[in-house]
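Hi everyone, thanks for making time this morning. I'd like to walk you through a structure that may be new to you, so please have a look at it on the screen.

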Amino acid sequence: MGRKNARAPGLGQSLIKNRFGKTQTGHRHAAELSAEHDAAQLNLQSVTELSSLDDFLATAELAGTEFTAERLNIHFVNNDTKGIISNDQQERIEAAQLEYQHLLGIPRRPPWTKQTTKEELEKLETESFLAWRKKLTVIQDNDDLIITPYEKNLDFWRQLWRVIERSDVIVQIVDARDPLLFRCLDLETYVTESNESKQNILLVNKADLLSSKQRSEWRSHFEQLGVNVVFWSAVLENEKLDENFDHSQLEGASSKSASCHFGALDVDDLFTREQLIDFLKSLIDKPNKVVGMVGYPNVGKSSTVNTLMGVKKAAVSATPGRTKHFQTLHIDSELCLCDCPGLVFPSFVSNKAEMVLSGILPIDQMRDHVAPVNLLGHRIPRRVIEVTYGFNISKPKEGENPDRVPTAAEILSAHALSRGFMTTHGQPDNSRSARVILKDYVNGKLLCSVPPPGVSGEEY
Ligand SMILES: Nc1nc2c(ncn2[C@@H]2O[C@H](COP(=O)(O)OP(=O)(O)OP(=O)(O)O)[C@@H](O)[C@H]2O)c(=O)[nH]1
């Protein structure tokens with residue numbers, strides 16, 4: 001599943017620098033591109049990671065109820081310690097996911113008319129939101145099912161509702177390494193439900209992290225389903241905005257063969273900025289075209305919006321959840337973007353470790369680093385980790401399976417010792433190393449991507 005990560009200098013280097021923050025001189029998000037933010041009074045603190053207790057109390061507060069006494073009687077357990085699940089568990093989980101799939105919706109804005117007052121609408125919205133959350137607790141009560149820490153702040157959903165209302169086309173941005181994890185099917189249903197003439201586009205960003213063969217597998221998958229899909233790399237297109245960018249790097253490579261190979265970077269089949277803008281315009285048959293940009297935090301919305309706006313950026317943040325409220329941004333007199341804050345949709349995941357590796361849970365707020373690093377050890381071959389960092393991981397002991405994957409402790413100690421990361425007690429600082437390694441995984445330095453359904457890992 002992992003892929004060789006040898007990039008050629010030039011463009012490849014620029015991408016890497018961008019990815020790993022070597023050129024970071026601060027970050028600038030879509031939110032800074034326009035002064036217009038009519039959501040200034042909203043409570044726009046994203047709420048995703050809640051303990052069972054906080055979650056319970058927040059819901060109670062929203063419902064206007066007090067539950068002070070219950071504080072003493074609540075127990076919650078963390079059953080996610082290792083990050084690895086057995087084949088039997090996986091089968092059970094998949095069966096349960098199939099059974100409960102229909103409950104994984106997103107909240108709907110309740111119907112309203114011109115006669116509905118602001119207060120009435122707010123009350124209706126709160127009721128509908130609570131009913132939605134109640135429906136999701138059915139899933140949470142099933143021990144085999146884990147869902148993403150979906151957004152629990154109603155104001156974020158209000159932003160999404162407004163973006164959908166205003167837009168002619170909704171562009172859902174997903175991460176190319178695991179598009180299905182980030183694709184919210186119910187969002188697409190909601191868009192067409194709200195108005196049949198509205199259209200959905202799936203923008204597979206970070207497509208530079210896949211080979212052209214991998215993209216082609218995914219393209220076939222989505223085309224078979226009738227999904228309108230575009231493969232794109234915001235970072236690559238942003239690089240091209242640099243006036244010093246050497247375009248011959250791409251042109252030369254393109255002219256060599258039908259499929260462009262720039263070092264390990266084969267990008268011939270990706271949409272360029274101009275192509276994406278023209279494509280979006282072509283979908284809408286009216287003078288003022290509005291396109292809504294929606295997606296999970298950290299999928300590259302800010303990078304995409306900035307690039308479409310023609311803003312060259314040194315770097316953006318690798319920490320999810322920075323864009324807080326929706327912006328209206330004019331690309332030109334015809335096309336306007338409506339940039340929605342990053343939203344975690346409810347989606348099934350195998351465990352919390354998977355969410356850390358997918359960039360859904362912020363690494364700096366992670367409490368347990370062992371489980372995600374264990375999972376990383378299962379996804380990235382031992383040799384790739386060793387070559388990437390230039391150290392050796394201790395081999396399995398005599399009597400152990402010589403091919404077993406390294407444990408989190410083995411990977412982290414090797415990293416910490418090689419970097420001189422030590423605690424005040426003179427032990428390897430595994431937690432510091434875990435943050436470095438996990439960020440490298442999220443940023444694509446340690447590369448792993450999921451094949452489409454029906455395609456084996458080996459084939460992919
Ligand atoms: N390799 C690669 N990395 C990308 C691409 N687009 C964005 N990134 C990286 O992904 C991370 C998140 O990008 P952002 O543009 O901040 O993502 P966002 O969706 O706006 O995030 P929020 O502001 O949290 O909503 C950054 O580290 C980017 O450099 C891309 O096309 N390719």
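Let me start with a question: in strand 7, which residue is the bridge partner of Lys-289? It is Leu-335. Before we go on, please keep in mind that this is a predicted model.

Now, is strand 5 enclosed or open? Of its 7 residues, 289-295, 7 are buried, so the strand is largely enclosed by the rest of the structure. You can check this on both faces: Lys-289, Val-291, Met-293 and Gly-295 are buried on one side, and Val-290, Gly-292 and Val-294 are buried on the other.

Let's zoom out to the domains. Domain 1 spans 163-349 and domain 2 spans 352-443. Where they meet, 10 residues of domain 1 are in contact with 9 residues of domain 2. About 860 Å² is buried between the two domains, with carbon and sulfur atoms giving 58% of that area. The count of salt bridges between domain 1 and domain 2 is 0, while 2 residue pairs are in polar contact across this interface.

His-369 has a relative accessible area of 19%, and 20% is the cut-off, so His-369 counts as buried. Beyond its neighbours within four places in sequence, His-369 touches Leu-412, Asn-430, Ser-431 and Ala-434.

Finally, salt bridges. How many does a search of the whole structure find? The total is 25. One of them joins Glu-165 and Arg-109, at 2.8 Å from N to O. Glu-165 is in helix 5 and Arg-109 is in the loop between helix 3 and helix 4, so this pair ties together parts 56 residues apart in sequence.

Another salt bridge links Arg-158 and Glu-125, with the closest N and O atoms 2.4 Å apart. Here helix 5 supplies Arg-158 and helix 4 supplies Glu-125, 33 residues away. Through shared partners, salt bridges join Arg-109, Glu-125, Asp-155, Arg-158 and Glu-165 into one network.

Conventions:
Residues are numbered from 1 along each chain as its sequence is written. This is a predicted model: local features need pLDDT of at least 70, side-chain atom pairs count only at pLDDT 80 or more; totals for chains, interfaces and linings use all residues. Side-chain values use heavy atoms; hydrogens and water are left out. Buried means under 20% relative accessible area, exposed over 50%, partly exposed in between (1.4 Å probe, protein chains only). Helices (H or I, at least four residues) and strands (E, at least two) are DSSP runs, numbered from the N terminus. Two strands pair if DSSP finds at least two bridges between them. Domain bounds come from an automatic or database domain assignment. Contact means heavy atoms within 4.5 Å. Buried area is the accessible area (1.4 Å probe) that two parts lose on being put together, summed over both. A salt bridge is a side-chain nitrogen of Lys or Arg within 4 Å of a carboxyl oxygen of Asp or Glu. A polar contact is a pair of N or O atoms within 3.5 Å; within protein, one must be able to donate a hydrogen and the other to accept it, and residues adjacent in sequence count only if both atoms are side-chain atoms.
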